[in-house]
Amino acid sequence: MSDNAVDPDEVRHVADLARVDLEDDEVERFTEQFGDILEAFEALDEVPATERDADLANVMRPDEVTECLSQDEALRNAPESEAGQFKGPKVS
């Protein structure tokens with residue numbers, strides 16, 4: 001892989017998409033790390049392909065009806081509940 005597989009502008013773009021503020025030294029470090037990651041993925045291209053005719057088998061177990069918790073039992077350890085439902089923080 002070439003040394004400039006990932007450039008600092010791409011790292012800044014990804015950081016902006018993730019809403020992460022990066023300092024210049026962090027951008028430099030992540031640029032190098034992303035390049036290393038891409039090199040590791042290129043190593044997978046060297047793995048030889050194999051042919052195989054494997055029979056596929058359903059490994060799913062059948063659904064079984066079992067006794068479940070009552071609403072009160074389910075909410076017993078909840079930090080907050082309201083009107084019989086779990087209450088979580090507001091997400092904006």
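The legends below describe close-up views of a predicted model.

**View 1. Salt bridges linking Asp9, Arg12 and Asp24.** In this predicted model, Asp9, Arg12 and Asp24 are joined in a network of salt bridges. Aspartate 9 and arginine 12 meet through their side chains at 3.8 Å, N to O, and because the two residues lie 3 residues apart in helix 1 (residues 8–17), about one helical turn separates them. The side chain of arginine 12 also meets that of aspartate 24 in a salt bridge, at 3.5 Å, N to O. This second pair links distant parts of the chain, with arginine 12 in helix 1 and aspartate 24 in helix 2, 12 residues apart.

**View 2. Solvent accessibility within the network.** The members of the salt-bridge network Asp9, Arg12 and Asp24 are shown here with regard to their accessibility. Aspartate 9 counts as exposed, because its relative accessibility is 56%, and aspartate 24 is likewise exposed, with a relative accessible area of 57%. Arginine 12, by contrast, has a relative accessibility of 35% and therefore counts as partly exposed.

**View 3. The salt bridge between lysine 87 and glutamate 82.** Lysine 87 pairs with glutamate 82 in a salt bridge whose closest N and O atoms are 3.2 Å apart. With a relative accessibility of 41%, lysine 87 counts as partly exposed, since values between 20% and 50% fall in that class. The count of salt bridges in the model comes to 3.

**View 4. A patch of negative charge on the surface.** Asp16, Asp21, Glu23, Asp25, Glu28, Glu32, Asp36, Glu39, Glu42, Asp45 and Glu46 gather on the surface as a patch of negative charge. Helix 2 (residues 24–44) supplies the largest share of this negative patch, namely 6 residues. Glutamate 28, one of the residues of the patch, has its place in helix 2 and counts as exposed, because its relative accessibility is 61%.

View 5. From threonine 50 to serine 81 the separation is 31 residues in sequence, while in space the two residues are 54 Å apart, C-alpha to C-alpha.

Conventions. Residues numbered from 1 in each chain as written. Predicted model: local features only at pLDDT ≥ 70, side-chain atom pairs only at ≥ 80, totals over all residues. Heavy atoms only, no water. Patch = residues over 30% accessible without salt bridge, like charges linked within 9 Å, V, L, I, M, F, W, Y side chains within 5 Å. Areas by Shrake-Rupley, 256 points an atom, 1.4 Å probe, with all protein chains shown as cover. Salt bridge = Lys/Arg side-chain N within 4 Å of Asp/Glu carboxyl O. Lys, Arg positive; Asp, Glu negative; His and termini not counted. Charge placed at Lys NZ, Arg CZ, Asp CG, Glu CD. Helix = DSSP H or I, 4+ residues; strand = E, 2+ residues; numbered from the N terminus. Buried < 20%, exposed > 50% of the residue type's maximum accessible area, 1.4 Å probe, protein only.
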